[in-house]
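Reader: I have a structure open and would like to go through it with you. Could you put it up and begin with the terms we need?

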Amino acid sequence: MRLSLRFIVPLLLALAAFAYALVPFVDGLTQQWFVRDVELRSTLVANSVQEQLRDLLRAGNSTRMTQFFTRLTQDERLFAVGFCAPQGRAPVATRSFPAEIKCADLEKFAEPAARQLGTARSSLHVTISPVELDGVSAGSLVLVHDMSFIGRRSAETRKYLFYLFVGLSVVVSLITVVIAQLSWRGWVQGLRALMRGEGLLRPSGKDEPSELRRGDFVFRYVDEDGFGKPQNAFLVCTFWYVSALAALGRRDEARALFETLLACRNRHGLLAEHIDPLTREQWGNFVQTYSMVGLIGCAVRLSMRWDQAF
């Protein structure tokens, strides 16, 4: 569990920091998309009403023009519509037309960055479209869009982004736990090999050694020496393995392997230095002190305590 937490806690912290840094970026990007959408809508609306607006200008009927603008504002995002004559007089506009927009100051809305208008009630976007009548400038059509929906959409975007990172964190954490539990030993060995430069900085000129354990017995080494590849296991290594199993709490497995080693003794209860893992024939120095000390140490470790035995 501690090993998994070492992976999960830094991972969750990194994902949280990434999400915290990503939210302002997503908000800004979302706002840019919505502003472009509003500007495109404004262009479409302005182009669509040009012909009818020219007819109303020729007729000079401001009442009908106001009624026409009011019908346009039935669109939920179109907050107000107005028309400013070149002389800078009061605009012909709907009742919702913001007082902050003056016909004499329309030039300040020419730049895209200045088209955002904040009022006490809402955030607005102002678009100015020129209107020509018989090739002569007749004034400017002012379209005001309500931008309050951006706040609602941004809140929804942050909510879904939060859910996405929560789900991503859970999935990645589960994958990390599985990999840490199943592959930790292999990852450590691979990392150590890379740090030594094996296979990268220097090619290996020989095959990797195989596992030291052969059947029930553990070899001291398996590489070739002056006598060739070892054929017999070093008995004290197997006793060390029994002690390691007992220390890990795998006492039943340790006791079974210990009884296998006891069965390899000769009729006097003695052990040699090496043993053939296939025939279990003893080889090497006889009697071997290392082997006998390993036997005694394992017997002590696997024995019951005095207070448990009596």
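Author: Helices here are DSSP runs of H or I with at least four residues, and strands are runs of E with at least two, numbered from the N terminus. Please note that this is a predicted model. With those terms, F34 lies in helix α1, which covers residues 2–59.

Reader: Is F34 buried or exposed?

Author: F34 is buried, with a relative accessible area of 15%. The cut-off for buried is under 20%, so F34 qualifies.

Reader: What does F34 touch, leaving out residues up to four places away in sequence?

Author: F34 touches F149, I150 and R153. Of this group, R153 is 119 residues from F34 in sequence, and the two C-alpha atoms are 9.5 Å apart in space.

Reader: Let us step back to the whole chain. How many helices and strands are there in the protein chain?

Author: The protein chain has seven helices and ten strands. It contains 310 residues, of which 35% count as buried.

Reader: And what share of the contacts joins residues at least 24 apart?

Author: Among contacts between residues at least 6 apart in sequence, 50% join residues at least 24 apart. As for the surface, the protein chain exposes about 20500 Å², and carbon and sulfur atoms supply 58% of that area.

Reader: Now the strands. Why is β1 described as largely enclosed?

Author: Strand β1 spans residues 78–84, and six of its seven residues are buried, so the rest of the structure largely encloses it.

Reader: Which strands does β1 pair with?

Author: β1 pairs with strand β5 (residues 136–146) in the antiparallel sense over six bridges. It also pairs with strand β2 (residues 92–93), again in the antiparallel sense, over two bridges. F83 illustrates both pairings: it stands opposite L141 in β5 and opposite V92 in β2.

Reader: What happens at the turn between β4 and β5?

Author: β4 and β5 form a hairpin with two residues between the strands, and D134 takes a positive phi near 60° there.

Reader: In what order do the strands of the open sheet come?

Author: The order is β8-β9-β10, three strands with antiparallel pairing. β8 (233–234) and β10 (282–283) are at the edges with a single partner strand each, so one side of each has no neighbour in the sheet. Two bridges join β8 to β9 (residues 274–275), and A233 has I275 in β9 as its bridge partner.

Reader: Changing topic to the helices: how far does α6 reach?

Author: Helix α6 covers residues 289–302 and has 14 residues; from its first C-alpha to its last it reaches 20 Å, close to the 20 Å expected at 1.5 Å a residue. The buried residues of α6 include S291, M292, G294, L295, C298 and L302. Seen down the axis of α6, the buried residues fall within an arc of 160°, so they line one face of the helix.

Reader: Which residues are exposed on the other side of α6?

Author: T289, Y290, V293, I296 and V300 are exposed there. At the N-terminal end, Q288 caps α6, with a side-chain oxygen 3.2 Å from the backbone nitrogen of Y290.

Reader: What covers the buried residues of α6?

Author: The cover includes α4 (235–247) and α5 (251–262).

Reader: Then how does α5 look, and which of its residues are buried?

Author: α5 has twelve residues and reaches 16 Å from its first C-alpha to its last, close to the 16 Å expected at 1.5 Å a residue. Its buried residues are A254, L257, F258, T260 and L261. They fall within an arc of 155° seen down the axis of α5, so they line one face of that helix. What covers them includes β7 (217–218), α4 and α6.

Note on methods:
Residues numbered from 1 in each chain as written. Predicted model: local features only at pLDDT ≥ 70, side-chain atom pairs only at ≥ 80, totals over all residues. Heavy atoms only, no water. Expected span 1.5 Å × (residues − 1). Buried < 20%, exposed > 50% of the residue type's maximum accessible area, 1.4 Å probe, protein only. Arc of directions from axis to C-beta. Contact = heavy atoms within 4.5 Å. Polar contact = N/O pair within 3.5 Å; in protein donor to acceptor, adjacent residues only side chain to side chain. Areas by Shrake-Rupley, 256 points an atom, 1.4 Å probe, with all protein chains shown as cover. Pairing = 2+ DSSP bridges.
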